[in-house]
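User: I have a model open on my screen and would like to talk through a few spots in it. Can you take my questions one at a time?

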Amino acid sequence: MRHPGIVQALPHPGACFRIHDARIATFHSHHYRLSESSLDESSAQASTPIFQRIKDYLVGEIATGRWKEGDLVPSEQALVRQFGVSRMTVNRAVRELTAEQVLTRRQGSGTYVAPRKYQATLVEIRNIADEVRARGHRHASRPQLLEEAPASEALALQFELAPGAPLFHSLIVHFENEVPIQIEDRWVNPACAPAYLEQDFSSITPNEHLMVAAPLQGATYSLEALAAPREVAELLGIDARSPCLVLKRRTTSQGAVASVVTMWHPGNLIQFTGSVG
């Protein structure tokens with residue numbers, strides 16, 4: 001079920017778009033493979049620069065699964081010998097693929113297939129589990145905390161309630177194919193979702209429950225890059241102080257603030273994308 005949201009910062013005056021939590025696994029690749037023999041000069045390729053043909057070959061090997069995430073790719077010297085071109089030409093191809101995050105270089109170790117990027121599309125609010133399963137991947141959510149707690153002054157201000165008013169609080173880690181891609185730290189207004197604490201969030205997501213209990217009326221959000229605190233780093237399986245993309249969102253339902261959520265994502269695995277118009 002998709003619902004329009006309200007965005008705080010718009011890319012163009014008067015523009016608006018919807019947001020969601022989807023984690024879409026993608027890879028920067030063309031949907032074809034260029035074999036080694038295709039690097040031979042031919043009239044059909046005469047207009048394609050040699051470095052681009054090398055890039056296409058490298059990307060093709062990844063797209064077909066011959067080289068997988070984390071695999072060591074041939075050295076520049078090996079590629080020079082393989083394709084009979086200059087080191088400068090090979091270096092340009094590898095350098096551009098590194099800049100495009102298809103490859104990653106490790107000092108003193110070599111060049112590897114880069115980790116996949118999971119995209120969070122700022123288009124509509126959708127259920128992360130649905131997105132993962134639609135791609136044929138496995139979604140898992142592991143609750144770390146589920147409690148009732150008094151609203152702090154900051155939370156009370158966001159919910160437009162009195163300080164100390166009861167709120168529901170959940171802390172959940174979401175996984176795609178056993179890779180942690182999101183920590184969802186959510187506070188919920190009991191008046192909007194009175195059965196929130198009774199849900200089994202290892203089998204459904206908060207989004208699934210709230211879309212029924214508190215149909216979305218509007219949303220505001222902010223996005224920033226932050227260093228991971230120790231507790232967040234441990235849950236995401238990354239080093240402390242590693243960069244994270246942090247999405248904060250406040251949703252309303254039937255004229256009341258329904259939830260306030262902070263979602264932490266490992267910066268090396270997440271991209272946020274969107275379109276307007």
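Analyst: Here are some questions and answers on this model. It is a predicted model, where local features need pLDDT of at least 70, side-chain atom pairs count only at pLDDT 80 or more, and totals for chains, interfaces and linings use all residues. Residues are numbered from 1 along each chain as its sequence is written, and side-chain values use heavy atoms, with hydrogens and water left out.

User: Is Val73 buried or exposed?

Analyst: Val73 sits in the loop between helix H1 (50-63) and helix H2 (76-83); helices (H or I, at least four residues) and strands (E, at least two) are DSSP runs, numbered from the N terminus. Buried means under 20% relative accessible area, exposed over 50%, and partly exposed in between (1.4 Å probe, protein chains only). Val73 has a relative accessibility of 8%, so it counts as buried.

User: Which residues does Val73 touch, leaving aside those up to four places away in sequence?

Analyst: Contact here means heavy atoms within 4.5 Å. On that basis, Val73 touches Trp67, Leu103, Thr111, Tyr112 and Val113.

User: Which residues of H3 meet H2?

Analyst: From H2, the residues involved are Glu76, Gln77, Leu79 and Val80. Their partners in H3 are Arg87, Val90, Asn91 and Val94.

User: Which residue takes a positive phi in the hairpin of E9 and E10?

Analyst: E9 and strand E10 (residues 256-266) run antiparallel, joined by 10 bridges. Their hairpin has 2 residues between the strands, and the residue with a positive phi near 50° is Gln254.

User: What is the relative accessibility of Glu160?

Analyst: Most residues other than glycine have a negative phi. Glu160 is not a glycine, yet its phi is positive, about 60°. It lies in the loop between helix H5 (153-159) and strand E6 (166-176). Glu160 counts as exposed because its relative accessibility is 62%.

Note on methods
Pairing = 2+ DSSP bridges.
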